[in-house]
Amino acid sequence: MRFVYLFLFFCVCIVPRAFSQTDTLILDAYHSNRVIIYAISKQDALDFYTITDSKKEAEKLHALARNPIDTVSASTFADYDFPFGYYISERIVNTLLQYELHISVPFDIKVINNQRDFIVLVHDIHGSPILDAEVKINKRTIHLDKKTNTYRIPTANCKGQLQVSVKGFTKLYTIDREQNNPDYKRFSQKFFGFVLKPIRILLYRTPIKYIARPVRRIITFPVRVIKHPQTITNIYMNPYRKAKRVYNKTKLFAIKSYYYFYIDKADNESVNQEYDYYNYRDLYTKHKSVLYLNQPKYKLKDSLFCKAYVTNKKGKPINSD
């Protein structure tokens, strides 16, 4: 009977554990432990940016994977340092053969946004600007601006494929924009801005503005209600807010005036007025304090030396007597 119990214990505890390990091994076999790296030409790498069909892209990658140069462990592939060039990595993921394109070039770019121009900064791996690069956006050449060491198109809002070539290395970047600003829109803004500028100066920079502004608010009221529905509630709340603001300013002026002329009486104020006393008495005292430091900036572990003076309203120090 004792052996029967031991056999049942073995079946319940040991056998399921063995099956679970077998399942884990089967699942681990779906992921390759090694990643194969292939070298390809520059033109083949740049052609992938023009392929929109994923099946054609996979077929081309499979056809180019013919020249292996290295094999890397899958666990350390994320930290692999590619030499400058064009490569394809190959591995198995979930029973599928996965290819990935890698482009390693000795430069990088930054698109600078100044709300007006299209500006591209090309720099090396150390951050120094590169002045002999060939930069194109949608096959349009971008020339170097020697004043800023950047590649600039004035008053442009470009998008598309940005191609940068430096010393035989080429890389494509996809440039997008948040808002469309076509040529006809920019031209119309400039034209109407030039025509309406003297009218705006006449209406809003002369005494006529006291009539023009209320008229404009009345005319644009339906548009403002559609864009901002809270405009209707503001009509009823604004008089209350203005009255409350005038009351608070008047109260503040009275308290400041009282404590300015009767500073000595503030010491005898009751406990209920302690809040006003500590908020306004120190603002209108006869003396001020000045703190001088020995240097304008400090680093970690620097010694700080300072001097403090009590001065009058004109900034002159007050003697100890």
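Predicted model: local features only at pLDDT ≥ 70, side-chain atom pairs only at ≥ 80, totals over all residues.

User: Then which residue in β2 stands opposite V35?

Analyst: Strand β1 covers residues 34-39 and strand β2 covers residues 68-73, and they pair in the antiparallel sense over five bridges. Within that pairing, the residue opposite V35 is V72.

User: And what is the bridge partner of A39 in β3?

Analyst: β1 also pairs with β3, in the antiparallel sense and over four bridges. There, the bridge partner of A39 is Y87.

User: Which strands are at the edges of the open sheet?

Analyst: The order in this four-strand sheet is β5-β6-β10-β9, with antiparallel pairing. Each edge strand pairs on one side only, which picks out β5 (107-113) and β9 (144-145).

User: Where does V111 find its bridge partner in β6?

Analyst: β5 and β6 (residues 118-124) run antiparallel and are joined by seven bridges. In β6, V111 has as its partner V120.

User: Which element gives the most to the lining of the second largest pocket?

Analyst: That pocket holds about 220 Å³ of space. Its lining includes Q43, L46 and D47, along with K136 and Q161. Both α2 (42-47) and β11 (160-166) supply at least two lining residues. With three residues, the top contributor is α2.

User: How many of its lining residues are charged?

Analyst: Among the lining residues are D47, K136 and K139, next to others such as T50, N138 and L172. By class, two are nonpolar and five are polar, while the charged ones number three.

User: Is T155 buried, partly exposed or exposed?

Analyst: T155 sits in the loop between β10 (150-153) and β11. Its phi is near 45 degrees, a positive value in a residue other than glycine. Most residues other than glycine have a negative phi. Its relative accessibility is 33%, so T155 counts as partly exposed.

User: And K301, buried or exposed?

Analyst: K301 is not a glycine either, yet its phi is positive at about 70 degrees. You'll find K301 in the loop between β13 (288-293) and β14 (306-311). The cut-off for exposed is over 50% relative accessible area. K301 is at 86%, so it counts as exposed.

User: What separates the C-alpha atoms of I232 and F221?

Analyst: I232 belongs to helix α7, residues 230-261. With 41% relative accessibility, I232 counts as partly exposed. I232 and F221 are eleven residues apart along the chain, and their C-alpha atoms are separated by 9.6 Å.

User: Last one: what part of the contacts with a separation of 6 or more comes from residues 24 or more positions apart?

Analyst: A contact here means heavy atoms within 4.5 Å. Counting those with a separation of 6 or more, the part from residues 24 or more positions apart is 46%.

Technical notes: Residues numbered from 1 in each chain as written. Heavy atoms only, no water. 1 Å grid on protein atoms, 1.4 Å probe; cavity = no way out; pocket = protein on both sides within 12 Å on 5 of 7 lines; lining within 4 Å. Points joined across faces, edges and corners; volume = space filled by probe spheres on them. Nonpolar A, V, L, I, M, F, W, Y, C, P; charged D, E, K, R; others polar. Pairing = 2+ DSSP bridges. Buried < 20%, exposed > 50% of the residue type's maximum accessible area, 1.4 Å probe, protein only.
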